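Let's take a walk through this one together, stopping at a handful of places worth a look. Have your viewer ready.

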There are 2 protein chains.
Amino acid sequence: MGLVVQKYGGSSVADAEGIKRVAKRIVEAKKNGNQVVVVVSAMGDTTDELIDLAEQVSPMPAGREFDMLLTAGERISMALLAMAIKNLGHEAQSFTGSQAGVITDSVHNKARIIDVTPGRIRTALDEGNIAIVAGFQGVSQDKKDITTLGRGGSDTTAVALAAALDAEVCEIYTDVDGVFTADPRVVKKAKKIDWISFEDMLELAASGSKVLLHRCVEYARRYNIPIHVRSSFSGLQGTWVSSEPIGDKQVEQAIISGVAHDTSEAKITVVGVPDKPGEAAAIFRTIADAAINLDMVVQNVSAASTGLTDISFTLPKTEGRKAIDALERNRSGIGFDSLRYDDQIGKISLVGAGMKTNPGVTASFFEALSNAGVNIELISTSEIRISVVTRADDVAEAVRAVHTAFGLDSDTDEAVVYGGTGR
Amino acid sequence: MGLVVQKYGGSSVADAEGIKRVAKRIVEAKKNGNQVVVVVSAMGDTTDELIDLAEQVSPMPAGREFDMLLTAGERISMALLAMAIKNLGHEAQSFTGSQAGVITDSVHNKARIIDVTPGRIRTALDEGNIAIVAGFQGVSQDKKDITTLGRGGSDTTAVALAAALDAEVCEIYTDVDGVFTADPRVVKKAKKIDWISFEDMLELAASGSKVLLHRCVEYARRYNIPIHVRSSFSGLQGTWVSSEPIGDKQVEQAIISGVAHDTSEAKITVVGVPDKPGEAAAIFRTIADAAINLDMVVQNVSAASTGLTDISFTLPKTEGRKAIDALERNRSGIGFDSLRYDDQIGKISLVGAGMKTNPGVTASFFEALSNAGVNIELISTSEIRISVVTRADDVAEAVRAVHTAFGLDSDTDEAVVYGGTGR
């Protein structure tokens with residue numbers, strides 16, 4: 001008998017009907033002879049409504065209380081889901097993150113899981129129950145306070161429980177049929193990927209693909225837990241994410257896994273920096289001290305006549321204000337002429353392990369962009385990824401051009417988006 | 001420095017404005033030099049909405065999951081209240097029933113508190129925090145499952161915490177100004193009671209007064225915790241409930257504390273019961289085995305010619321169907337001709353410790369009812385209470401007549417009901 005962890009996002013349990021539909025699917029898994037652990041997010045818009053309430057009583061809600069508030073959402077959905085399963089004649093018990101043994105650090109609103117001690121889950125399973133666990137939440141090791149895991153936290157809960165329980169697979173149910181070769185909202189002919197390696201999935205997630213978050217894939221890779229991303233609305237097989245193709249699935253590693261894009265970043269250019277050792281370090285130390293994560297960094301060639309250079313980097317738009325303020329405050333320490341802020345940029349990334357052994361990939365990529373008339377502003381690469389920054393307006397066209405150039409287009413428009421997005 | 005426990009019902013925290021208003025009041029108590037523990041119910045209609053959701057997914061929600069669901073309501077209100085207090089510049093921490101050490105038995109949906117171990121609350125207070133505690137909920141001693149305490153559970157949470165923390169007073173904030181000599185919705189000239197003994201309050205609660213529930217007053221009496229029932233909407237002094245008048249409040253014990261009424265009961269008459277030993281016992285054993293609580297019981301005088309008698313008793317309307325079914329199933333064992341069910345009855349009760357030493361009270365009570373043309377169907381008495389059953393239609397008139405006859409009428413219409421009712 002196998003042990004399966006299933007995770008359902010908020011759009012899958014948006015209302016009573018959704019909960020009943022998901023309950024049937026869970027019972028099917030149980031009837032197929034599996035022990036089943038289910039991780040569930042808050043229903044539909046619940047979390048947004050709670051955030052709205054918090055903002056009404058306090059402009060800056062405190063972390064500890066904010067976490068206590070938000071975790072009410074999963075408490076509701078998990079209890080209702082357990083009831084719906086019982087109503088189908090099967091035994092189910094719901095558990096909060098704390099009861100399920102999800103132990104975290106004390107960083108409220110974006111805690112990290114540091115241990116999982118699923119004793120109560122194991123007991124519930126051994127007694128024949130389906131175990132329902134609140135996603136997105138845990139309890140802090142030192143203070144025993146309720147914490148939340150931040151964006152995509154429920155996926156991480158599911159993978160962490162799968163690892164702790166030595167599950168055969170972690171099924172992530174969502175409102176699309178799996179991971180696609182590009183965002184189906186941009187590329188109508190995007191194809192569902194049947195299997196993708198952890199490494200390629202990590203690069204896609206880091207490059208703007210939103211189906212799985214980087215942190216969840218990283219966790220799955222570390223413990224070698226196969227993830228099956230699939231739709232809770234259709235009965236279709238989705239995308240397997242694992243170190244090697246699973247079982248009898250003899251899937252050949254594609255040269256290119258997909259094209260990701262990201263329009264959530266901005267670019268800051270520090271103009272007129274003295275071209276001498278330590279200057280770049282001073283800039284990036286300033287940014288790091290403000291707890292801001294950079295993405296791409298480019299230093300222009302110095303103009304010999306002035307001895308000055310420009311340094312550009314990209315970062316999340318949401319951190320833009322903070323970065324500018326930090327640099328301005330440290331202007332004299334760093335020494336620069338001016339700052340330029342540009343949030344009308346987009347990033348296109350081509351991901352695929354085949355890149356390592358196919359030298360023509362980079363050339364084809366730039367040809368495709370050039371033929372589409374897309375101007376490139378920054379470039380960064382890893383062993384299995386090429387990313388470029390362009391004007392935001394060019395992103396959709398660039399993604400489609402690259403997708404076609406690498407033969408990724410499907411013969412049909414197969415991608416369906418069923419609902420909203422969960423967390 | 002004193003320790004005060006305050007409890008706010010759902011109508012006091014119905015929306016963000018209510019939460020901010022209550023936060024200000026709590027901060028006042030803190031500024032007055034008290035350590036403050038606050039017990040809070042779910043916001044307004046939250047609980048009803050959750051019950052509605054549960055009914056949509058399952059016609060018979062399981063106890064354990066139902067409790068998990070309902071407790072989300074207090075989790076929301078307590079976190080918001082803590083945020084609102086912090087926004088006023090004071091430190092506050094919220095705690096679930098489990099975190100606050102409210103230990104119960106395992107009877108889901110109506111658990112009883114068996115111990116309170118408020119170590120975390122004590123620590124929070126010692127660190128200068130205001131402690132916010134979820135009402136209505138606890139954790140079961142044996143299984144560590146989340147439980148709820150049933151109707152009026154938040155009041156009981158407050159009194160239990162006040163006892164465990166040795167508080168000076170337990171303030172119950174509600175949407176009326178206190179306990180009145182009669183229900184202000186029925187008797188416009190009802191007067192607010194300044195002080196009432198635990199004993200009289202227990203009789204009023206048992207007789208249909210809904211401001212405080214019997215169980216909460218019983219708990220307060222056992223641990224001798226003074227209760228101050230007052231409005232969260234006005235700044236007025238409310239009603240003190242204690243063993244003796246508090247401090248400099250030299251309040252004389254009233255002969256009559258008040259008139260209570262109750263239209264939530266039904267009457268069952270078992271007709272044609274053989275008038276021999278053991279018959280009544282067989283009936284009441286049947287009712288007891290069905291876990292139904294009786295209120296009043298009357299056995300009619302036996303008709304000598306037939307050797308048969310009738311036995312009548314009252315019980316909550318909600319239990320009527322169950323009682324009839326149980327009696328019918330055991331008809332041959334008991335031996336009776338027929339059953340009569342009557343849910344058009346009402347009960348009027350006069351309560352007051354002065355009754356013991358004022359022999360005229362009973363006579364005046366019946367005179368008042370007689371003058372008002374109210375017919376009496378059943379009578380029951382205790383040392384400090386007389387109750388009668390009448391037609392439901394006569395109840396309002398009977399209450400007003402008795403209230404006037406005992407000189408309880410106020411000179412003005414002072415009673416105000418501010419909102420809905422909490423739990």
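With which side chain does the side chain of A:Ser349 make a polar contact at 2.7 Å? The partner is the side chain of A:Ser387. Before going further, some ground rules: this is a predicted model, where local features need pLDDT of at least 70 and side-chain atom pairs count only at pLDDT 80 or more, while totals for chains, interfaces and linings use all residues. Residues are numbered from 1 along each chain as its sequence is written, chains are lettered from A and ligands numbered from 1 in the order in which they are written, and side-chain values use heavy atoms, with hydrogens and water left out.

A:Ser349 sits in strand β18 (residues 345–351) of chain A; helices (H or I, at least four residues) and strands (E, at least two) are DSSP runs, numbered from the N terminus. A:Ser349 counts as buried because its relative accessibility is 0%, where buried means under 20% relative accessible area, exposed over 50% and partly exposed in between (1.4 Å probe, protein chains only). Leaving out residues up to four places away in sequence, A:Ser349 touches A:Ser207, A:Gly258, A:Val259, A:Ala260, A:Arg385, A:Ile386 and A:Ser387, with contact meaning heavy atoms within 4.5 Å.

B:Ser231 belongs to strand β11 (residues 227–231) of chain B, and with a relative accessible area of 1% it is buried. Its side chain reaches the backbone nitrogen of B:Ser234 at 3.1 Å.

Next, some backbone angles. A:Phe136 has a phi near 75 degrees, a positive value in a residue other than glycine. A:Phe136 is in the loop between β6 (130–134) and β7 (137–140) of chain A, and it counts as buried because its relative accessibility is 5%. B:Asn224 also has a positive phi without being glycine, near 55 degrees. You'll find B:Asn224 in the loop between α8 (214–223) and β11 of chain B; a relative accessible area of 44% makes B:Asn224 partly exposed.

What about annotation? In an unreviewed entry, UniProt lists A:Thr47 and A:Glu74 under "binding site". They are spread over 28 residues of sequence but cluster in space, the largest C-alpha distance being 9.0 Å. UniProt positions are given in the numbering used here, feature names are shortened, and annotations may be inferred rather than shown by experiment. A:Thr47 is in helix α2 (residues 46–57) of chain A and is buried at 12% relative accessible area. A:Glu74 is in helix α4 (residues 72–87) of chain A and is buried too, because its relative accessibility is 0%.

Now for where the chains meet. The contact takes 41 residues from chain A and 41 residues from chain B. Together the chains bury about 3,300 Å², 64% of it on carbon and sulfur atoms; buried area is the accessible area (1.4 Å probe) that two parts lose on being put together, summed over both. On the chain A side, A:Val57, A:Arg75 and A:Met83 lose the most area to chain B, together 23% of what that side buries.

Two salt bridges are counted between chain A and chain B, each a side-chain nitrogen of Lys or Arg within 4 Å of a carboxyl oxygen of Asp or Glu. B:Arg120 forms a salt bridge with A:Asp145, with the closest N and O atoms 2.7 Å apart. The elements that give two or more residues to the side of chain A that touches chain B are α1 (16–31), α2, α3 (63–70), α4 and β3 (92–95) of chain A. The largest share, 11 residues, comes from α4(A).

Technical notes
Polar contact = N/O pair within 3.5 Å; in protein donor to acceptor, adjacent residues only side chain to side chain.
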